[in-house]
Amino acid sequence: MQHKTQLTLSFLLSQVLLLACAEDLECIPGFQQKVFYIEQPFEFTEDQPVLNLVFDDCEGNNKLNFEVSNPDFKVEHDGSLVALKNVSEAGRALFVHARSEHAEDMAEVLIVGANEKRGALKEIFKIEGNLGIPRQKRAILATPILIPENQRPPFPRSVGKVIRSEGTEGAKFRLSGKGVDQDPKGIFRINEISGDVSVTRALDREAIANYELEVEVTDLSGKVIDGPVRLDISVIDQNDNRPMFKEGPYVGHVMEGSPTGTTVMRMTAFDADDSSTDNALLRYNIIKQTPTKPSPNMFYIDPEKGDIVTVVSPSMLDRETMETPKYELVIGAKDMGGLDVGLTETATATILIDDKNDHAPEFTKKEFQATVKEGVTGVIVNLTVGDRDDPATGAWRAVYTIINGNPGQSFEIHTNPETNEGMLSVVKPLDYEISAFHTLLIKVENEDPLVPEIAYGPSSTATVQITVKDVNEGPVFHPNPMTVTKQENIPIGSIVLTVNATDPDTLQHQTIRYSVYKDPAGWLEINPTNGTIGTTAILDRESPYVQDNIYTALFLAVDSGNPPATGTGTLHITLEDVNDNVPSLYPTLAKVCDDAKDLRVVVLGASDKDLHPNTDPFKFELNKQSGPEKLWRISKINNTHAQVVLLQNLKKANYNIPISVTDSGKPPLTNNTELKLQVCSCKKSRMDCSATDSLHISMTLILLSLFSLFCL
């Protein structure tokens with residue numbers, strides 16, 4: 001019944017064409033109907049006609065051959081389209097190519113569902129549709145033209161004909177549009193007398209799939225007398241493009257132990273052919289798997305979607321038992337729905353089996369031994385573990401913890417990032433005399449947590465037995481550093497301190513001798529047997545060897561071991577100040593002009609190396625002045641400064657002013673000194689202090705004394 005309906009549908013179409021154009025059409029080479037609609041049956045039955053195709057080359061159809069795009073169908077010599085076997089799925093369209101000695105053409109068979117049947121009939125009887133059947137009688141009839149792409153020469157090749165029912169003397173056809181007089185130009189042309197349309201070269205549907213041209217009829221002068229009428233030219237797709245994988249490289253990951261059917265990745269290809277035809281209908285398959293163990297079929301690819309999924313049991317997807325955790329699949333994509341006539345392209349999918357922490361680390365042995373000398377720090381033993389997980393992940397990297405035997409925090413353990421070994425170190429020196437043996441309990445875990453079904457077992461803990469070796473240790477000063485306070489300037493031979501050093505090796509009976517190691521100023525000595533330190537010189541707090549009132553010296557204590565061991569002790573002597581330094585005066589030189597109006601010559605200051613209260617306030621005084629009149633005086637400004645003032649202008653000369661300055665110590669110390677005063681001539685802001693006519697103050701005083709005697 002279905003086949004009768006299909007044949008009736010095709011018959012109606014052919015009758016409509018014949019009735020509509022019988023009066024106007026002459027024989028046009030090719031299929032008399034370009035497009036067919038048939039309803040999708042439950043199944044196309046083998047050798048059962050589907051529809052009848054009418055091809056006429058107008059020359060008797062000599063050597064006529066048909067080719068069908070779907071290899072499950074063929075066209076008999078009489079034009080009957082039949083199935084070669086029972087076919088339940090034929091796609092959305094079939095293309096039939098016919099060729100004879102004189103003509104070549106292409107027809108399209110569209111397969112529609114039952115609910116599309118009504119729409120298909122509307123398309124068939126469409127008024128100004130693909131068939132170009134006019135609603136009313138028109139002078140120009142331009143039926144759609146279907147042209148297969150990639151036709152072979154010779155060219156030009158006739159592809160259709162435009163007819164005009166009303167003949168006019170001298171009338172000409174004129175064709176225009178994209179492909180004629182618009183870029184790309186010159187593809188189509190029309191015989192202006194007969195209306196034959198021809199193509200001048202092979203077409204490429206992927207470049208341009210449809211051309212919309214216009215046909216007009218003009219008189220001899222070029223005036224349009226009919227039209228324009230649209231002429232549609234459609235390029236029929238040929239399977240001339242291979243599928244292409246554009247998105248590579250393709251890398252997928254799947255966790256080991258994943259359930260069967262786990263999706264790993266998706267691979268999709270692109271086909272430039274018509275997506276509505278089998279030319280672009282792609283099917284995927286796995287061509288090759290490397291390696292082929294533990295199963296040659298570890299994965300499956302959905303032929304339509306391109307999804308790659310696992311097909312083996314979770315136990316076979318075990319990364320630790322695989323030859324390699326990387327699989328390479330050669331994936332093929334074939335168009336024409338995967339049929340043998342389809343074009344194929346391949347790409348490689350790389351699938352990595354990711355590790356999960358399903359193996360706990362285990363020590364290679366239950367007990368490790370280590371020996372270390374007392375007083376030494378550093379790595380003493382490397383603990384080795386085995387782990388079958390991926391070394392590049394946290395499922396393999398080990399984390400070690402000391403869980404017992406380390407109350408003093410003398411030990412630490414760190415992971416060697418290269419070997420994954422546990423490096424056990426002594427960080428606080430061990431003492432043989434306190435404990436000669438240590439026992440540590442150590443556990444190992446991974447950075448990443450174990451999967452729920454796996455737990456850490458007894459092999460994830462180990463014991464480390466550590467033996468401490470006795471060594472000859474140097475004596476130890478108590479306390480260290482040693483401090484004492486002494487006054488500076490104590491008598492030579494004074495006792496500063498008696499040091500005390502003991503030998504840590506209590507099980508060995510050894511004697512200790514003392515010596516001076518560093519004594520920067522050479523002030524001290526030590527008794528080699530009892531450790532008494534005495535002075536050999538005066539202790540001076542103001543010495544450059546004293547810093548912040550503290551003098552530092554180093555002493556050695558050497559035991560009688562073989563070889564002997566040495567300990568170093570530091571002594572800090574805090575020196576108390578004694579008033580043993582006279583104050584100093586500054587400046588010691590002053591200058592003044594002989595005609596100066598301001599007779600305040602200079603401000604004097606005093607300083608003292610001692611500490612308070614052996615310093616300021618200072619007392620400034622002028623020593624006795626000779627002569628009948630006083631020439632200068634001194635007055636206190638504050639505790640550390642005083643002002644020297646001339647009592648009259650003096651002649652140009654050098655004068656020595658006797659001054660004494662006394663500190664506040666008990667007893668106080670006085671410094672008698674002189675201030676040199678230069679009286680200079682000053683002209684035009686220049687001071688001349690040359691001493692050609694200058695007299696020393698002592699000579700002046702002598703002359704003044706002689707003068708006073710003569711006056712008496």
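**Disulfides, cis peptide bonds and positive phi values**

Pro667 lies in the loop between strand S50 (653-662) and strand S51, where strands are DSSP runs of E with at least two residues, numbered from the N terminus. The peptide bond that joins Lys666 and Pro667 is cis, with omega about 0°. The structure is a predicted model, in which local features need pLDDT of at least 70, side-chain atom pairs count only at pLDDT 80 or more, and totals for chains, interfaces and linings use all residues. Residues are numbered from 1 along each chain as its sequence is written, and side-chain values use heavy atoms, with hydrogens and water left out.

A cis peptide bond also leads from His612 to Pro613, with omega near 15°. Pro613 is placed in the loop between strand S46 (600-607) and strand S47 (619-622).

The model contains 2 disulfides, a disulfide being a pair of cysteine sulfur atoms within 2.5 Å. Cys593 is joined to Cys682 with an S to S distance of 1.9 Å. Because Cys593 belongs to strand S45 (residues 589-593) and Cys682 to strand S51 (residues 670-683), this pair ties together parts that are 89 residues apart in sequence. The torsion about the S-S bond of Cys593 and Cys682 is about -90°, so this disulfide is left-handed. In the disulfide of Cys680 and Cys689, the sulfur atoms are 1.8 Å apart; the S-S torsion of about 105° makes it right-handed.

Most residues other than glycine have a negative phi. Asn61, in the loop between strand S4 (55-56) and strand S5 (65-68), has a positive phi near 55°. For Asn489, phi is positive, near 70°; Asn489 lies in the loop between strand S36 (482-487) and strand S37 (495-498).

Terms used: Helices (H or I, at least four residues) and strands (E, at least two) are DSSP runs, numbered from the N terminus.
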